[in-house]
Amino acid sequence: MTIEALTLCDFAQDTFGKLTILGAFDAITVREFPAAHPLMSIAARVRFAVYELGEHQIRLEIKNSEGTDLAPPLDGQINVNGIGGDSACTNLTLNLMNIQLLGETSWRITLSIDGQERAHIPLFIRKANPPQA
């Protein structure tokens, strides 16, 4: 299998096999803590070879370096069916609303398939610098 895309973004959706991604980012800057981020999405596109078609376990996690979860891990199962050809894709989207941000830190978003980590991306939480006078 190949991870064709894994990103954090403002919005993502799958419509009949088409993955729409708006506003990809890796950092959130806030004026003060605590803060809440109203909406963010995680989007992934995974290609499976014909011999990998069938059911697979997926897990998405968002953890900091101390192992704390930003949101509960998402566990699920996908069934990948081929439409012809030598491979098939599946799209995954997860929408997170009102995520609480308590301080400056870094998070790691991890996509695991069948118990193996397949891809990861960072999320940096920063405090804005005050304007210079």
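Predicted model: local features only at pLDDT ≥ 70, side-chain atom pairs only at ≥ 80, totals over all residues.

**Cysteines and core**

Mentor: Happy to! There are 0 disulfides in the structure, a disulfide being a pair of cysteine sulfur atoms within 2.5 Å. Cys9 takes part in none, and the nearest cysteine sulfur to its own, in Cys89, is 17 Å away.

Residues are numbered from 1 along each chain as its sequence is written, and side-chain values use heavy atoms, leaving out hydrogens and water.

Cys9 has a relative accessible area of 0%, so it is buried, the word for values under 20%, with exposed for over 50% and partly exposed in between (1.4 Å probe, protein chains only). Cys89, at 26%, is partly exposed.

Now for the packing. The largest nonpolar core has 32 residues, and Ile42 and Leu123 touch the most other members; such a core is a set of buried Ala, Val, Leu, Ile, Met, Phe, Trp, Tyr and Cys residues joined through side-chain atoms within 4.5 Å. At least two core residues come from each of strand 1 (2-15), strand 3 (27-30), strand 4 (35-49), strand 5 (54-64), strand 6 (74-80), strand 7 (87-101), strand 8 (105-113) and strand 9 (116-127). Strands here are DSSP runs of E, at least two residues long, numbered from the N terminus.

Beyond residues up to four places away in sequence, Leu123 touches a list of partners including Leu8, Phe25, Met40, Leu70, Thr105, Ser106 and Trp107, where contact means heavy atoms within 4.5 Å.

Thr105, Ser106 and Trp107 come up again with Asn64, which contacts them when neighbours within four places in sequence are set aside. Asn64 belongs to strand 5, and its 13% relative accessibility is why it counts as buried. Its side chain also reaches the backbone nitrogen of Thr68, at 2.9 Å.

For a contrast, look at Asp86, in the loop between strand 6 and strand 7. A relative accessible area of 60% is why Asp86 counts as exposed. Leaving out neighbours within four places in sequence, Asp86 contacts Phe48, Ala49 and Val50.

Technical notes. Helix = DSSP H or I, 4+ residues; strand = E, 2+ residues; numbered from the N terminus. Polar contact = N/O pair within 3.5 Å; in protein donor to acceptor, adjacent residues only side chain to side chain.
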